[in-house]
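Here is a short briefing for a first look. Keep the model open while you read.

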Amino acid sequence: MNKYKVIIGFEIHIELSTRSKMFCSCDAWHFQVKPNTKTCPTCLGLPGGLPVANEEAIKMCVKMGLALGCSINKFSKFDRKNYFYPDLAKGYQISQYDLPFCYQGEMEVDGKKIGITRVHLEEDTAKMIHDRDGSGSLVDFNRSGVALMEVVTEPDIDGTSLATTFLKKLQNMVRYLGLSDCDMEKGRMRCEPNISLSCDGKLPDYKVEIKNVNSFRYVKKAIEYEIERQSKILEKGEVPAQETRGFDEKKQVTFSQRLKEEANDYRYFPEPDIPPIEFSDKEIEEIRKEMEELPDKRMERYKKDYGVDEANGLILIENRELGEFFERVVRELVIRGVGKEDFMKVAKIVVNRKVGKDDPEAVDNIEKIVKGLGELIDEDESVRVVDEVFLENEKAVNDLKRGKENAVMFLMGQVMKKTKGKVKPGEVILIIREKANG
Amino acid sequence: MNIFDLQDKYKEREFSVVEIVSDYLKRIKEVDNRIKAFVTVDELGAIERAKELDKVDRIDFDKMPLYGVPIAIKDNFSTKDLKTTASAKILEDYRPVFDSTVVERLKKAGAVILGKTNMDAWAHGSSTETSDFFTTRNPWDLSRLPGGSSGGSAAAVAAKMCMASIGSETAGSIRQPASWCGVVGTKPTYGRVSRYGVVAMASSTDSPGPITNNIIDSTLILRVIAGKDNHDSTCSALEVEDYMKGLEDGVEGMKIGVIKEYFLEDMNEEIKEKVKKAIEVFEKAGAQIVEVELMDPKYAVAVYTIVQRSEVSSNLARYDGVRYGKGRKYFGSEAKRRIMIGTHVLSSGYYDQYYLKAQKVRRLIIDDFRRVFEKVDLLLAPTTPCCALKVGSTADQPMFGEMMDILVEASSLAGLPGISMNCGFSKEGLPIGLQIMADQFEEDKCLQAGKFYENERNIVSLEPDL
């Protein structure tokens with residue numbers, strides 16, 4: 001289709017689900033909150049405000065690094081990135097420059113290794129609201145200073161399919177680790193692909209960065225558009241300009257925002273308000289020990305312990321709650337004497353809630369046990385039960401709204417209890433999520 | 001009269017706090033039109049606070065060690081609802097929504113804030129001449145400068161318009177004006193006193209500290225404002241000592257270093273002479289005086305200039321007029337000059353050559369002091385190379401501050417504590433300062449030596465004739 005080879009690297013920003021902001025004790029939850037109510041001298045950039053680093057966020061960042069097989073800098077620090085914008089309260093962003101918490105890792109996706117350059121921490125900016133009723137721009141500082149983790153990859157991705165799989169896998173990993181809900185619609189996960197085309201397989205000396213694309217579908221569209229656009233330029237014997245481009249969701253095209261020559265000189269220097277951060281081997285090991293089981297590990301275990309096949313296994317791990325439900329059913333069945341040889345079928349039932357046609361007898365048996373609970377209730381009834389559970393579990397609901405992933409499992413458990421398990425778990429999870437998002 | 005004397009009078013109900021505070025306010029009215037130490041006088045607030053304090057039934061001086069002490073605050077410390085300008089036009093109408101940690105602790109300890117004192121705008125200078133509002137005069141000679149940047153705080157104490165004041169020092173801003181105004185200026189170790197709520201100048205050296213008439217007052221105030229603060233991660237968690245303990249122990253047996261390089265060639269002869277005389281007082285009392293060598297102070301000036309300008313250029317970026325204050329066009333020429341130099345030395349291609357190199361030399365300066373403090377307990381030196389200069393001296397002298405602060409910049413870069421106190425007067429009747437420096441977190445040694453010298457020095461009067 002194309003004689004050029006596309007080379008893609010990513011910068012991905014993820015808002016962490018810490019309770020307080022990155023450098024002050026303000027509440028970090030900034031969605032559906034009255035503007036400028038979650039602020040303090042520090043995140044407003046008032047004279048004399050000082051940053052104090054959020055230890056929880058640092059731990060989370062290191063966890064991410066460990067999950068991606070990164071080395072951890074035992075001596076790390078924060079730096080100031082200086083530039084002006086009305087959404088940047090202090091006139092600089094506290095970020096990390098030459099000593100990020102994590103560096104040099106990799107992730108295996110579809111049998112291909114994607115290098116992770118670094119994972120570091122910084123703070124989010126305020127939110128700008130432009131031209132409401134034409135009266136100019138407004139700034140909401142509730143988001144100012146929220147903990148932001150940035151994952152940077154090597155230019156190891158060679159197509160839209162690998163790009164999308166990689167992003168989904170990364171998102172799932174973050175959710176497994178409980179670091180963020182990665183809700184892209186809310187901007188809790190933002191992807192910036194760096195795209196260039198190579199004629200000879202070597203890294204060309206230009207790249208085009210697409211800013212803040214907020215869905216996997218748009219990432220794909222943006223890359224496809226760039227491949228076409230850059231190909232045309234190369235066809236003419238020219239080299240595409242090194243630039244930053246935006247993505248127009250309506251027109252499905254990218255558009256130029258800033259050329260390299262206009263790039264900022266950020267005048268990085270070590271943040272004098274925060275002492276350097278040092279880790280001992282013991283501290284890093286402790287963080288490693290606290291790490292939750294990752295999707296790949298879980299997949300391995302499902303295959304090994306339960307004989308689950310690739311296709312069903314993927315569905316089970318793609319959705320953390322579904323996988324956990326599966327394990328719960330398995331535990332039940334073990335008590336009732338069902339053996340390993342039938343777990344694959346259990347997986348299928350959980351995934352499809354349908355009886356497979358290949359082995360009616362055995363499946364019938366499990367189906368009966370799984371359904372020993374009776375007929376399934378319909379979606380309307382599930383919605384009603386979820387409503388009830390929401391009313392009775394205010395705290396868990398609030399936790400969920402704040403991005404606490406564990407709360408989904410808890411609420412799901414409550415629904416199971418009420419219905420004696422007579423629901424489709426995938427369906428219930430969706431209902432719970434939709435309801436939580438209002 | 002020190003804080004203890006004042007509190008004795010409160011104990012005996014000889015005076016009420018309202019009476020004392022009113023006296024000081026009256027004094028401000030009488031003399032400040034000539035000295036111009038205050039940017040804001042909070043008459044109503046001070047009287048109201050004094051009334052509250054008078055209502056306290058049984059005064060617990062342990063809980064309120066500064067009960068009823070009328071105090072002035074440099075105008076770069078945030079004071080809730082009270083204008084905080086840093087003597088800069090941009091913040092002319094800025095009223096903070098919070099108290100800086102230092103102010104919060106002073107209030108809790110029972111101090112009464114009389115007002116906010118003038119300074120070089122953003123603390124950029126050593127004269128108060130760069131204040132966007134007006135120049136403060138030296139109480140000892142109204143045609144002369146008080147020094148700076150805490151010039152208003154030093155002049156207010158010298159002119160007895162307050163019992164004590166708070167200043168902040170990045171490199172010299174407490175000690176140099178204290179020297180020129182003949183008062184006691186205490187610059188604590190960097191990280192001993194919280195910077196939260198202080199308009200940031202150079203974040204890696206800013207140190208708040210007291211300016212007082214005597215060592216006891218410095219001791220009491222430092223104990224109140226020092227110590228861990230959860231709002232400032234560069235603030236040390238090290239426990240604050242009871243500085244009163246051992247304050248009267250004298251200097252017998254102490255090893256005191258005298259820095260050869262700090263008696264500069266072109267220094268005022270009278271200063272050299274008075275400081276040497278002061279050193280003799282220490283020697284007579286049994287201190288062992290040794291000559292020590294330190295790096296030439298001119299290197300510290302170069303390092304300080306680069307580091308400080310860099311931090312300033314970034315620290316002043318928040319004053320964009322979007323959330324509060326006036327816009328950038330109101331920056332004075334000194335601030336603009338510093339922003340430009342700082343921006344330049346941090347630019348890509350120059351960073352290694354300037355900032356990184358400066359940080360390396362800074363490391364050498366720290367090591368230099370560490371080496372010396374392995375051998376001695378304290379260092380003695382003149383505070384400034386000359387006595388108070390005439391108003392107008394800073395015109396066309398962009399490096400004025402650095403030249404005036406040459407003898408304190410190295411120790412500031414190393415984060416060391418130091419005190420400047422009076423050791424006599426020039427023929428013209430201008431105060432001369434002696435500085436006492438110690439190793440990190442050894443404020444106690446500085447204060448102890450200072451108290452010894454205060455007891456022994458032969459100075460007739462420290463009251464300027466106003």
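In β11(B), which residue is the bridge partner of Leu379(B)? The partner is Met437(B).

This is a predicted model, in which local features need pLDDT of at least 70, side-chain atom pairs count only at pLDDT 80 or more, and totals for chains, interfaces and linings use all residues. Residues are numbered from 1 along each chain as its sequence is written, chains are lettered from A and ligands numbered from 1 in the order in which they are written, and side-chain values use heavy atoms, with hydrogens and water left out.

**The sheet of chain B**

- Eleven strands of chain B form an open, mixed sheet. Helices (H or I, at least four residues) and strands (E, at least two) are DSSP runs, numbered from the N terminus.
- The strand order is β1-β3-β2-β4-β6-β5-β10-β11-β9-β7-β8. Two strands pair if DSSP finds at least two bridges between them.
- From one strand to the next, the twist averages 30°. Axes are lines fitted to C-alpha atoms, for helices over the stretch in contact, and angles run from 0 to 180 degrees between N-to-C directions.
- Strands β9 (residues 378-382) and β11 (residues 431-438) of chain B pair antiparallel over five bridges.

**Helices across the sheet**

- Helix α2 (residues 17-35) of chain B lies across β1, β2 and β3, at about 20° to β3(B). Contact means heavy atoms within 4.5 Å.
- Helix α7 (residues 215-225) of chain B lies across β2, β4, β5, β6 and β10, at about 150° to β6(B).

**The interface with chain A**

- In contact are 34 residues of chain B and 28 residues of chain A.
- The two chains bury about 2500 Å² between them, 57% of it on carbon and sulfur atoms. Buried area is the accessible area (1.4 Å probe) that two parts lose on being put together, summed over both.
- In chain B, Ser233(B), Arg318(B) and Arg323(B) lose the most area to chain A, together 24% of what that side buries.
- The rule finds one salt bridge across this interface. The side chains of Asp273(A) and Arg195(B) meet in a salt bridge at 2.9 Å, N to O. The rule asks for a side-chain nitrogen of Lys or Arg within 4 Å of a carboxyl oxygen of Asp or Glu.
- Helices α9 (297-315) and α10 (333-346) of chain B each supply at least two residues of the side that touches chain A. The largest share, four residues, comes from α9(B).
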